[in-house]
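Please read it alongside the sequence and the model shown here.

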Amino acid sequence: MILNRPIFSLFCLIFGSLMISVSNQPGYSQENLPEVSSSISGQQLWRRFFPNSESPDSESKRGSSEGGARGGFCPIAPNQFSQAEWVWNERLTFTWVGVLTQVEIREQGNKKVVWSQDISAKNRIELNPETASSTPLKLYQVTTGTSLKPGQVYELQVSTTPPIAYRPILFQIMTSENRDLMTQGLQELERELKTKNITGDAAKLRRADYFASQKLWSEFWQEVLSINTASEDLKTLINQTVNQLC
């Protein structure tokens with residue numbers, strides 16, 4: 001498609017204003033901004049923010065036959081993959097779509113609950129305001145209040161009202177050796193960020209990209225959803241990715 005000159009000039013004017021606005025935010029510099037693209041297809045938009053990784057929707061294809069947002073609930077990370085998902089942080093961050101009443105964690109094969117939390121509106125992540133033509137995703141996130149054991153496989157069980165029988169979601173905390181290797185990689189990244197004076201939301205995007213490159217989706221979503229000044233493109237990407245997963 002070829003734009004006529006007046007439309008193209010208007011596009012340049014709007015885009016130039018957007019770039020100035022973003023680059024003036026604390027923690028951003030021109031070299032840190034995602035590569036600009038005229039297309040906002042899911043994969044290309046993903047590459048603008050996370051150039052070193054593939055999006056998690058390809059991982060979801062390994063999911064269970066239950067899949068999707070059955071009964072309005074859809075786990076984002078950890079997901080219902082065919083095998084236990086790796087988690088680096090000893091304090092798991094669980095991200096999902098849908099209204100839950102409680103989340104519980106048990107060691108695999110053990111009925112004893114090692115951590116639980118009642119879920120309320122304060123756990124919801126607000127991305128976009130509700131409008132007459134759009135209802136925002138009911139996206140939630142919670143982090144465990146207790147440290148979990150390295151190398152241990154856990155079962156995450158959710159409760160809803162009215163009750164629906166969901167199978168447990170398996171995840172495994174990395175062994176101490178693997179966690180140490182990941183920590184070294186993160187320390188190298190932090191040194192690079194400090195050298196380049198990359199801070200704030202720009203640093204969170206870089207850390208999220210690192211976690212995604214290692215397929216550590218729990219940590220990825222923790223970073224992404226902690227960004228304070230998410231651009232409209234990033235909000236669009238989050239919505240696209242969640243919709244693909246669910």
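## Overall composition

Among the contacts in the protein chain with a separation of 6 or more, 62% are between residues 24 or more positions apart, a contact being defined by heavy atoms within 4.5 Å. This is a predicted model, in which local features need pLDDT of at least 70 and side-chain atom pairs count only at pLDDT 80 or more, while totals for chains, interfaces and linings use all residues. Residues are numbered from 1 along each chain as its sequence is written, and side-chain values use heavy atoms, with hydrogens and water left out.

The protein chain has seven helices and nine strands, taken as DSSP runs numbered from the N terminus (helices H or I, at least four residues; strands E, at least two). Of its 246 residues, 41% count as buried, where buried means under 20% relative accessible area, exposed over 50%, and partly exposed in between (1.4 Å probe, protein chains only). The protein chain exposes about 13400 Å², of which carbon and sulfur atoms supply 52%; accessible areas come from the Shrake-Rupley method with a 1.4 Å probe, and for residues only the protein chains shown count as cover.

## The five-stranded sheet

Five strands form an open sheet with mixed pairing, in the order β2-β9-β8-β4-β5, two strands being paired if DSSP finds at least two bridges between them. The edge strands are β2 (85-87) and β5 (113-118), each of which pairs on one side only. From one strand to the next the twist averages 25°, with axes fitted as lines to C-alpha atoms (for helices over the stretch in contact) and angles running from 0 to 180 degrees between N-to-C directions.

Strand β4 (residues 102-107) is joined to strand β8 (residues 153-159) by six bridges, and the two run antiparallel; β4 also pairs with β5 in the antiparallel sense, over five bridges. Q102 stands opposite S159 in β8 and opposite D118 in β5. β4 and β5 form a hairpin with five residues between them, and G109 in the turn has a positive phi of about 80°.

A sheet of four strands, open and antiparallel in its pairing, has the order β1-β3-β7-β6. β1 and β6 (124-125) stand at the edges with a single partner strand each, so one side of each is left without a neighbour in the sheet. β3 and β7 pair in the antiparallel sense over five bridges, and the bridge partner of F94 in β7 is V142.

Helices α6 and α7 both lie across β1, β3 and β7: α6 runs at about 90° to β1, and α7 at about 125° to β1.

## Nonpolar cores

A nonpolar core is a set of buried Ala, Val, Leu, Ile, Met, Phe, Trp, Tyr and Cys residues joined through side-chain atoms within 4.5 Å. In the largest core, which has 37 residues, F50, L139, F220, W221 and I238 touch the most other members. At least two residues each come from α2 (42-49), β1 (74-77), α4 (176-195), α5 (200-213), α6 (217-224) and α7 (232-245), and α5 gives the most, with seven residues.

Not counting residues up to four places away in sequence, I238 touches L127, L139, W221, V224 and L225. A second, separate core has 20 residues, including F94, L148, Y166 and I169.

## Aromatic pairs

A search of the whole structure finds twelve aromatic pairs. Rings of Phe, Tyr and Trp (its six-membered ring) pair if their centres lie within 6.5 Å, and planes under 30 degrees apart count as stacked, over 60 as edge-to-face and the rest as tilted. W96 and Y140 form a stacked pair, 5.6 Å centre to centre with 10° between the planes. Because W96 lies in strand β3 (residues 93-97) and Y140 in strand β7 (residues 139-143), this pair ties together parts that are 44 residues apart in sequence. Both W96 and Y140 are buried.

Elsewhere, ring pairs link W46, F49, F50, W217, F220 and W221 into a cluster.

## Helix α6 and E223

α6 is mostly covered, with seven of its eight residues buried; these are W217, S218, E219, F220, W221, E223 and V224. E223, which lies in helix α6, is buried with a relative accessible area of 14%. Leaving aside its neighbours within four places in sequence, E223 is in contact with K204, R207, A208 and F211.
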